[in-house]
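Take a look at the sequence and the model below.

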Amino acid sequence: MEEVLNDLKQWLCIPSVSSNPEAAGEVRRAAEFTRHLFEKAGLESVRLIEGEGHPLIYGEWLHAPGKPTLLCYGHYDVQPAEPLELWRTPPFEPTQLGDNLYARGAADDKGLAIILIRAVQQFLRAGKPLPINVRFLFEGEEESGGDHVSDYLREHASELHCDAALICDTEMFAPELPTICVGLRGIVYAELHVTTGEVDLHSGVYGGGVPNAIEAAARIISSLKGKDGNFLIPGFDDDVIPPTAEEEESWSALPFDMEAYRQEEAKVISLHGEPGFGLFQQLWARPTIEIHGIGGGFTGEGSKTVIPCSAVVKLSCRLAPGQDPDRIAKLLSDTVAAQALEGTKTSLKILGKAAASVVDPANPFVREAAEAMAEVFGQKTVFTRSGGSIPIVGLFKDVLGVPSVMTGFGLPDDNLHAPNEKVYLPNVYRGIEAIARYFERLGEK
Ligand code: BES
Ligand code: MN
Ligand code: MN
């Protein structure tokens, strides 16, 4: 346990923020540290794979003929740590408080990805053969929507033979409740630019005679969704494939207190979503349109009477199964063009796209994982979906033709992407045990 903790802390000290071009050196350092972890675990043919963007790390152990092969995936990049002033401990100085380890990347994904590496090490370092074959492929652009891993997968599919992918990058539904995630939403991320002219203008002298870029942007974004949470883009949800009645039923059996969720987890005044759907449907099986930020004009201290000549809006749609990312991107562009005020120039830049994915809970690789987790946690494993996205999961299915087994060991209060991200250390240790047990179970078949 001490060695796992030390390895993890060293990994977490490296600020591998993939979206920040200035952090490229740190991202590479994290890639090299990942290689070191792979080598230490006893993986073979370990190497950095260079390409456009941040390196991939590959490793393998293929000495269990006739046994299944798992492709273990994780990401060594992290989200930016800002706003720094909201962290109680420095984000890149991992700090243990009780059973939790605080740092950016503690749960997403270094603290969970290390579970896969360590599970291999438990066998190989003890001089025991692995009960199955494994390939490891880690990437450093998951959080920034980079294409390196998907390009590599498409070009090298024939060298990556496997029976299933194994991923530790999701959450447990509740503490102590072993959880397998069998659905993720997709995403289309976009940046909207609106310009009306060359310079900001005096709002008294010119107001009434010229357009306002922020108003124009606001009109566009408010044309996407109604006040009640209903979608206004024609045809937006036409292709959504709803969950089966059986799956929905299994969701309603999950232990859940809506008011506690509102107050303690989401910490919102009131929940708000698309009318006509239950919360799990809204979060896991319906699309969304979210505005992430608006820039332009003046928001400093005091007042400044100005008409902004430009505005930028960051927005994204989460996609439900069935929705085609290219079609949604086109619908968004068309809507922007149709809603643009006269005298404004608009452009919509698509920054990233990925389709949703669902996994059959009856798949034998999923079932064995559920059994292994139940053994270690002493409780029946539940199957949930998540509203988040892991873009490569869709490609594992489409390009390699394999299901992804998502055994998440994060907790709902891990503060993913937020200040004070942490991982609950007992879950890291139990996770290693559960994955090792999973390998054994697959080897016994
Ligand atoms: N690990 C998360 C996704 C996740 C979080 C799945 C919680 C299930 C439960 C992943 O690192 C992530 O944050 N993905 C991004 C993808 C985007 C940047 C393309 C996301 O969902 O925003
Ligand atoms: Mn992640
Ligand atoms: Mn993430």
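A polar side-chain atom of E142 lies 2.7 Å from an oxygen atom of ligand 1. That is a polar contact, meaning a pair of N or O atoms within 3.5 Å. H417 also uses a polar side-chain atom, 2.8 Å from an oxygen atom of ligand 1. S389 uses its backbone instead: an N or O atom there sits 2.8 Å from a nitrogen atom of the ligand. The protein covers 87% of the 520 Å² of accessible area that ligand 1 has on its own. Such areas come from the Shrake-Rupley method with a 1.4 Å probe.

This is a predicted model: local features need pLDDT of at least 70, side-chain atom pairs count only at pLDDT 80 or more, and totals for chains, interfaces and linings use all residues. Residues are numbered from 1 along each chain as its sequence is written, chains are lettered from A and ligands numbered from 1 in the order in which they are written, and side-chain values use heavy atoms, with hydrogens and water left out.

How many residues surround ligand 1? There are 16, each with a heavy atom within 4 Å of the ligand. D169 and R318 are among the closest. The shell divides into five nonpolar, six polar and five charged residues. Here Asp, Glu, Lys and Arg count as charged, and Gly is among the polar ones.

Now turn to the core. A nonpolar core is a set of buried Ala, Val, Leu, Ile, Met, Phe, Trp, Tyr and Cys residues joined through side-chain atoms within 4.5 Å. Buried means under 20% relative accessible area. The largest such core has 94 residues. W11, V134 and F136 are among those with the most contacts inside it. F136 touches F38, L43 and I57, among others, where contact means heavy atoms within 4.5 Å. A second, separate core has 25 residues, including I221 and L224.

Last come the cysteines. A disulfide is a pair of cysteine sulfur atoms within 2.5 Å. The count is zero. For C168, the nearest cysteine sulfur belongs to C72, 8.3 Å away. C168 is buried, at 0% relative accessibility. C309 is buried as well, at 10%.

Terms used
Buried means under 20% relative accessible area, exposed over 50%, partly exposed in between (1.4 Å probe, protein chains only). A polar contact is a pair of N or O atoms within 3.5 Å; within protein, one must be able to donate a hydrogen and the other to accept it, and residues adjacent in sequence count only if both atoms are side-chain atoms. Lists of a residue's contacts leave out its neighbours within four places in sequence.
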